[in-house]
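I opened this entry to look up some helix packing and strand pairing. My notes follow in the order I took them.

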Amino acid sequence: MKITGVETHLLQVGARPVMPGAGTSRPADGHGGSRNWLFIRVLTDEGIHGVGEGSGWPRVVRAAVEDYAHLLIGEDPRDIDRLWHKLYLGSMGHGLLGTVGGGALSAIEMALWDIKGKALGLPVWQLLGGRFRDRIPVYGHAKTPERARALMALGIRGVKVGFTGAVDIDAVAAVRDAVGPDVDVMVDAHGPSWMTAQDAILVGRELEQLDILFYEDPVAPENLDALARVRDAVRVPLAAGERVATLWGMRPYIERELVDVIQPDTGRAGGILQMRKMAAMAEAHFITVAPHSGSLGPVAEFAALHVMASIPNALMLERVEFDWPGRAEVVAPALRTVDGSLPVPDAPGLGVDLILEEIARHPSVRNVADFPDDGMAFEPGTAAEHPYVQTRLSRATRLRRTQP
Ligand SMILES: [Mg+2]
């Protein structure tokens, strides 16, 4: 079997995301209805095609996928890890690949697994060593008790409260009270650049009282030493890793045991086998895996299910349950949360295919966040000032804690 071509298919819907902290009102689950997805198809001379998805700046990832394509033409798509290393070496001169390179490798490698599974008539989880489970529990996003109850009505047993500004401890406590002790609550601070280790520790100590499953990205991912200080000072499980790519990107989180949960993003971690290797490294440190999926499309969700089915240390899969309804229209079959879980696919390969006509109805324009009309000149008192520059002023407004 030989690879004959690689196609890319971009999709964009909804408003572009706005700058964090810009003060623009967003829905309770925070995504603003915006979705930017890159899907690919790898074609072969035997009529089998594989599908993949790459995140991490989809329009740029598309260019990287197209740049890689000539290294794939004529190759046997079943030599998955060898081809991954061929591509990796092929772009070595560009420096560390980051999430853009990780997105391109993820999309291509995912499609190769799909081809191999289809050729053998087996689901990908079967090729990864078989499965531990046939359903993967998901967790959803909620900032209010009402939204948390809507998730619970779907049987969902995990609720994440996310913040792009201050971590509002009262809001976390309200959700915790609403869901009761049998449902897990997580808090995502989104790795804000304005949060020092000292302030993240203050927030973490407040969270100690609320029995949360994990405190995610308490400090900027660029600052692992700050994460280590939070780790040493706070008795709350920590989670991180959604913004790094490849086994080497995740390595310090695991080797230094900076977190209890790693969160590789299935669309940019580097591929299914990279995630499988991360999971094995994490297993040796008694760390669990909860893939990031806040903004991913449905193909990456399928890939995450195969990985999670096959590893012993799978925790939960993130899922934005109430996002764009078209999520169910651009692929077949569509995933549906049933009793708080997604079923592990049984069909050969990934078990999903693209509906190209539907994807083509939503052309992509650009993929960077919009800035508000009042300017992002980093002027004193503006939203822009607070997250990124004069972060230490008005500190009390960004350390919102339980009222005494
Ligand atoms: Mg996150």
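**Helix against helix**

I began with a crossing: α5 passes α6 in a right-handed sense. The model is a predicted one. I then looked up the geometry of this pair. Helix α5 covers residues 145-152 and helix α6 covers residues 169-179. They pack at about 35°. Their axes lie 9 Å apart.

Which residues make the contact? From α5 I noted P145, A148, R149 and M152. From α6 I noted A174, V175, A178 and V179. I sorted the contact by class: seven residues are nonpolar, one is charged and none is polar. R149 belongs to the α5 side of this contact, and arginine counts as charged.

**One face of α8**

Next I went to helix α8, residues 224-233. I asked which of its residues are buried. They are A226, L227, V230 and R231. Viewed down the axis of α8, these buried residues fall within an arc of 145°, so they line one face of the helix. The general rule is that an α-helix has 3.6 residues a turn, so residues three or four places apart point the same way.

I checked the face turned away from the buried side of α8. It carries the exposed residues D225 and D232. What do the buried residues of α8 pack against? I found α7 (197-207) and β8 (238-240) as their partners.

**A glutamate in α7**

I stayed with α7 and picked out E206, which lies in this helix. Is E206 buried or exposed? I counted 20 other C-beta atoms within 10 Å of E206. The cut-off for buried is 20 or more, so E206 is buried.

Last I took strand β4, residues 135-141. Six of its seven residues are buried, so β4 is largely enclosed by the rest of the structure.

Which way does β4 run relative to its partners? I went through them in turn.

- With β13 (residues 341-343), β4 runs antiparallel, joined by three bridges. R135 has P343 of β13 as its bridge partner.
- With β11 (residues 317-318), β4 runs parallel, joined by two bridges. Y139 has E318 of β11 as its bridge partner.
- With β5 (residues 158-162), β4 pairs in the parallel sense over two bridges. G140 has V159 of β5 as its bridge partner.

Notes
Residues numbered from 1 in each chain as written. Predicted model: local features only at pLDDT ≥ 70, side-chain atom pairs only at ≥ 80, totals over all residues. Axes fitted to C-alpha atoms, helices over the stretch in contact; angles between N-to-C directions. Helix = DSSP H or I, 4+ residues; strand = E, 2+ residues; numbered from the N terminus. Left-handed = near helix turned anticlockwise from the far one by under 90°. Contact = placed C-beta atoms within 7 Å. Buried ≥ 20, exposed ≤ 12 C-beta atoms within 10 Å, placed from the backbone. Arc of directions from axis to C-beta. Pairing = 2+ DSSP bridges.
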